[in-house]
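Hi,

Here is the structure I promised to pass on.

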Amino acid sequence: MNQEARTLVLQSFQLLKQAGELLQQFEEELLQEGVSRVTSALAETGVDTAVSTRSQTWANGYRALRFFLANWAQTIPEANITLAYFQDMDAADGAVGFEIFLYLNRAFIQERQEAIENAFHEAGASNRYAWSCAEKPWVEGGKTSYLGFKVWADSYTREGALRALGEFTQWAQMVVF
């Protein structure tokens, strides 16, 4: 930390502390609302709605709120749907952008991978959902290989992202699980 930054922190300590607390409250609220949307989406399909969560910061600076659904873990261990948020000056309701990711352990979907990818592109190109996609699924991971899917809300807002999170969860439940 250079002297200029240190001076800024010393002079603005209380404001920075309040800002940090507000960011923590923002994330906790977003996480709770995310759990609500995910469990509501699962309840509509009549399956177990138990969800565990984990938060992390990715290398690109995105904050990732991961939702691990007990029902999914029975079929594909470590499968999760993730709501990521990040600084984006083009966002409709402020300077925060949102994207939704689905991660599937490839070892458990190899025989169905092509069918899942085709269903994803068909759904993402339709007008049936509040989300869309333009990117192909990709593979990532180390010891465990994951197939990743990314969508974004048609309404590029917090509320739009939460709605898309619920709909994408429901889509994954019907197509993958």
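To start with a term: a nonpolar core here is a set of buried Ala, Val, Leu, Ile, Met, Phe, Trp, Tyr and Cys residues joined through side-chain atoms within 4.5 Å. Buried means under 20% relative accessible area, exposed means over 50%, and partly exposed is in between (1.4 Å probe, protein chains only).

Some housekeeping: this is a predicted model, so local features need pLDDT of at least 70 and side-chain atom pairs count only at pLDDT 80 or more, while totals for chains, interfaces and linings use all residues. Residues are numbered from 1 along each chain as its sequence is written, and side-chain values use heavy atoms, with hydrogens and water left out.

**Overall picture**

The protein has 5 helices and 7 strands; helices (H or I, at least four residues) and strands (E, at least two) are DSSP runs, numbered from the N terminus. Along the sequence the order is α-α-β-β-α-β-β-α-β-β-β-α. The C-alpha atoms fill a box of roughly 60 × 35 × 30 Å along the principal axes. Of the 177 residues, 41% are buried. The accessible surface is about 9,800 Å², and 50% of that belongs to carbon and sulfur atoms (Shrake-Rupley method with a 1.4 Å probe; for residues, only the protein chains shown count as cover). Looking at contacts (heavy atoms within 4.5 Å) with a separation of 6 or more, 53% are between residues 24 or more positions apart.

**The cores**

The largest nonpolar core has 36 residues, and the members that touch the most others are Phe 67, Ile 81, Leu 83, Leu 104, Trp 131, Phe 168 and Trp 171. At least two residues each come from helices H2 (13-43), H4 (113-125) and H5 (158-175), and from strands S2 (63-69), S3 (80-87), S4 (96-105) and S7 (146-153). H5 gives the most, with 7 residues. There is also a second, separate core of 8 residues, including Ala 84, Phe 86, Phe 101 and Tyr 103.

Beyond its neighbours within four places in sequence, Leu 83 contacts Leu 30, Arg 63, Ala 64, Leu 65, Phe 67, Phe 98, Glu 99, Ile 100, Ala 161, Leu 162 and Leu 165.

**Strands and the last helix**

How do S3 and S4 run relative to each other, parallel or antiparallel? They are antiparallel, joined by 8 bridges, and Phe 86 has Gly 97 in S4 as its bridge partner. (Two strands pair if DSSP finds at least two bridges between them.) S4 also pairs with S7 in the antiparallel sense, over 6 bridges; there Ile 100 is partnered by Val 151. S4 is largely enclosed by the rest of the structure, because 9 of its 10 residues are buried.

H5 is largely enclosed too, since 13 of its 18 residues are buried. From first C-alpha to last, H5 reaches 25 Å, close to the 26 Å expected at 1.5 Å a residue (that is, 1.5 Å times one less than the number of residues). Gly 160 lies in H5 and is buried at 8% relative accessibility.

H1 (residues 3-11) makes a contrast: 0 of its 9 residues are buried, so it lies largely in the open. Asn 2 caps the N-terminal end of H1, with a side-chain oxygen 3.2 Å from the backbone nitrogen of Glu 4.

Asn 80, in strand S3, is buried, with a relative accessible area of 3%. What does the side chain of Asn 80 make a polar contact with? The partner is the side chain of Thr 82, at 2.7 Å; a polar contact is a pair of N or O atoms within 3.5 Å, where, within protein, one must be able to donate a hydrogen and the other to accept it, and residues adjacent in sequence count only if both atoms are side-chain atoms. A polar atom of the Asn 80 side chain also lies 3.2 Å from the backbone oxygen of Glu 78.

Glu 78 sits in the loop between helix H3 (70-73) and S3 and is partly exposed, at 43% relative accessible area. Phi of Glu 78 is near 70 degrees, a positive value in a residue other than glycine. Most residues other than glycine have a negative phi.

Cheers
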